[in-house]
Amino acid sequence: MKILYLNGPNLNLLGQREPEIYGRTTLADIEGKVRDRAAKLKVEVEFRQSNVEGELVTWIQQAKGKFEVIVLNAAAYTHTSIALKDAISAIGVPTIEIHISNVHAREEFRHKSVIASVCRGQIVGFGANSYVLALEAAIIVNER
Ligand code: DQA
């Protein structure tokens, strides 16, 4: 089973970006944590990050037939991107929405996710562990 982790804009700055909200863990540290757990669970993972909406759309499109599940932290595009929503709907690869912070406890514009309705579920607010928890969710989604 292969899981594609996609990360949206500014997540390349994790570790230095608003650490009081996002913590001090870098995206590379998160990837390391996920890889350790993935090895134990015997699943394969691939990690990508882009600040470009269209690149994320292309990666979602290309996931069909190559990955069983997508784990998506769309970052700010969560709240704006019809293009990401349409891509998820178009390819039909089960997608799990994740966030590091509890978006519901933050500004009102973060309460709305335009991708939520086409995702299988959300994991929100567990810091870097949202990524690790998503592995278990991906396995469950794939077994259904
Ligand atoms: C985020 C939450 C988004 O609202 C924000 O734009 C991000 C990160 C999170 O993981 O907590 O960039 O997706």
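Guide: Val71 stands opposite Ile96 in β4, so that strand is the part to look at. Strands here are DSSP runs of E with at least two residues, and helices are runs of H or I with at least four, both numbered from the N terminus. This is a predicted model, in which local features need pLDDT of at least 70 and side-chain atom pairs count only at pLDDT 80 or more, while totals for chains, interfaces and linings use all residues. Residues are numbered from 1 along each chain as its sequence is written, and side-chain values use heavy atoms, with hydrogens and water left out.

The pairing comes next. β3 (69-73) and β4 (95-99) are paired in the parallel sense, over three bridges; strands count as paired when DSSP finds at least two bridges between them. In β4, Glu97 is the bridge partner of Leu72. Contact means heavy atoms within 4.5 Å.

Is β4 itself buried or exposed? Five of its five residues are buried, so β4 is largely enclosed by the rest of the structure. Buried means under 20% relative accessible area, exposed over 50%, and partly exposed in between, using a 1.4 Å probe and protein chains only. Thr95, Glu97 and His99 point one way from β4, whereas Ile96 and Ile98 point the other way.

In α4 (residues 82-91) the buried residues include Leu84, Ala87, Ile88 and Ile91. They cover an arc of only 95 degrees around the axis, which puts them on the same side of α4; the arc is that of the directions from the helix axis to the C-beta atoms. An α-helix has 3.6 residues a turn, so residues three or four places apart point the same way. The cover over the buried residues of α4 includes β4, β3 and α3 (53-62). After α4 comes Gly92, with a positive phi near 70 degrees.

In α3 the buried residues are Leu56, Val57, Trp59 and Ile60. Their arc around the axis is only 165 degrees, which puts them on the same side of α3. Among the elements covering them are β1, β2, β3 and α4.

Thr78, in the loop between β3 and α4, is buried with a relative accessible area of 1%. Leaving aside neighbours within four places in sequence, Thr78 is in contact with Glu97, His99, Lys112, Ser113, Val114 and Ile115. The side chain of Thr78 also reaches the backbone oxygen of Ala75 at 2.6 Å. Ala75 lies in that loop between β3 and α4 and is buried at 13%. Its phi is positive, near 50 degrees, in a residue other than glycine. Most residues other than glycine have a negative phi.

His99 leads on to the ligand. The residues around the ligand, with a heavy atom within 4 Å of it, include His99, Ile100, Asn73, Ala75, Arg17 and Arg110. Ligand oxygen atoms lie 2.8 Å from a side-chain N or O atom of Asn73, 2.9 Å from one of Arg17 and 2.9 Å from one of Arg110.

Arg110 belongs to the loop between β4 and β5 and counts as buried at 16% relative accessibility. A polar contact of 2.7 Å joins its side chain to that of Glu107. A polar contact is a pair of N or O atoms within 3.5 Å; within protein, one must be able to donate a hydrogen and the other to accept it, and residues adjacent in sequence count only if both atoms are side-chain atoms. Not counting residues up to four places away in sequence, Arg110 touches Tyr22, His79 and Val103.
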